[in-house]
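Please read these notes with the sequence and the structure open beside you. They go through selected elements one at a time.

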Amino acid sequence: MSRKNYVFTSESVSEGHPDKVCDRVSDAILDAFLTEEPNARVACETFATTNRVVVGGEVGLSSKAATDAMLERVEGIVRDCVKDIGYEQDAFHWKTLTVQNYLHGQSAHIAQGVDKDGAGDQGIMFGYACRETPELMPAPLQYAQAILRRLAEVRKSGEQPTLGPDAKSQLSLRYVDGKPVEVTSIVLSTQHALETQTSADIRAIVEPYIREVLPDGWLTDATKWHVNPTGIFVIGGPDGDAGLTGRKIIVDTYGGAAPHGGGAFSGKDPTKVDRSAAYAARYLAKNVVAAGLADRCTLQVSYAIGVAEPLSIYVDTHGTGQVEAAQIERAVAACMDLTPRGIRTHLNLSRPIYARTSAYGHFGRMPDADGGFSWEKTDLVEALKKAV
């Protein structure tokens, strides 16, 4: 039997965190290629350090001329990303940093399997949903993300101009009878502009926004606050610590509350099941919970490179299921084509919708009118009910 009373912690990082800068660049390059051709192939990795961004990986459009033309745009895309995030530091400035571009064509040996509608690689992918928040996400991660997103809004609007782009949050929540009821501790570290600002000064700035975001009653007199606990945090971003695409996979998914298959998302086009099948797994798990078939659902799918059909589908409802897990497994397979092409078609993934996913989580977001976050829809509820 699962525990009902415990404390669980998740963390998040802002769009200005060095790793997230790299995720943003990789996904912006992906979006640029998908804008040119829906079937573009992209596997883009980014590295960032003091006044330097290095981009590498495999890309491809239908012609070499089109690919070469896109590659000429990469430096401008990098600078636009860094500018939008807000970096204008002496040692990491969108205008003066050096961009090195090592993108090249996709391997023909990988392409041959994908071109036959097979998976771009082997792997296991997980999806998860629960009733802890309206978004059917684990509460510690959902609210850790929301805090940083709110601080980014007031920084960019000019409401709090001394806040910097680089920030991290961490929430520890106490659960009673399986439900989150109280924040036992909160950790918030944010870059700031003035060396004269103390930890107390920063807390005075951020605390009202944190209280605004968290549910009423969760912050108590017993809640422990750790705001900029190391003191001054003026040097931030890739100048303070190197960044790399794909190093924040737990922040990107479920904050440690559910398994992760190991594959990162950013910079990968939707033929890569690391990304598309993880989105499909979240979509199915969320619809299972939304349909009332379970209060919690973990769903795993697995693939072999060059093979279209998934090798396995596994569901665990953690003792909360209203029907047998095997019935749900059969139902999700009947309600959605889980081949790579089927996923891309069902969720309409072959479009430039990925830069927006690069910070504050790939899951627990509102579906956009243009098709972004389509995997967050709950439009499969009736089909699943009927199938079981």
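The numbered points below cover the model itself, a sheet, some strand pairs, a helix and an annotated domain.

1. This is a predicted model, in which local features need pLDDT of at least 70, side-chain atom pairs count only at pLDDT 80 or more, and totals for chains, interfaces and linings use all residues. Residues are numbered from 1 along each chain as its sequence is written, and side-chain values use heavy atoms, with hydrogens and water left out. Helices (H or I, at least four residues) and strands (E, at least two) are DSSP runs, numbered from the N terminus.

2. An open sheet is built from 4 strands in the order E1-E8-E9-E10, with mixed pairing. Two strands count as paired if DSSP finds at least two bridges between them. Strand E1 (6–13) and strand E10 (224–227) each have a single partner strand, so they stand at the edges and one side of each is left without a neighbour in the sheet. From one strand to the next, the twist averages 15 degrees.

3. Within this sheet, E8 (residues 163–176) and E9 (residues 179–192) pair in the antiparallel sense over 11 bridges. Ala 167 stands opposite Thr 190 in E9. Helix H6 (residues 199–213) packs on the sheet and touches E8, E9 and E10; contact means heavy atoms within 4.5 Å. The direction of H6 makes about 120 degrees with that of E10. Such angles run from 0 to 180 degrees between N-to-C directions, and axes are lines fitted to C-alpha atoms, for helices over the stretch in contact.

4. Strand E7 (residues 123–130) is largely enclosed by the rest of the structure, because 7 of its 8 residues are buried. Buried means under 20% relative accessible area, exposed over 50%, and partly exposed in between (1.4 Å probe, protein chains only). E7 runs antiparallel to E12 (residues 296–303), and 8 bridges join them. Ala 129 faces Cys 297 in E12.

5. Strands E2 (residues 41–49) and E3 (residues 52–60) are antiparallel and joined by 9 bridges. Their hairpin has 2 residues between the strands, and Asn 51 takes a positive phi near 50 degrees there. E2 is also joined by 2 bridges to E11 (residues 243–244), again antiparallel.

6. Helix H3 (residues 74–85) has 12 residues. Its buried residues include Val 74, Ile 77 and Cys 81. Just after H3, Gly 86 takes a positive phi of about 120 degrees.

7. An unreviewed UniProt entry annotates residues 235–377 as "domain: S-adenosylmethionine synthetase C-terminal". Over residues 235–377 the chain is 29% helix and 10% strand.

Definitions and conventions: Expected span 1.5 Å × (residues − 1). UniProt positions renumbered as here; feature names shortened; annotations may be inferred.
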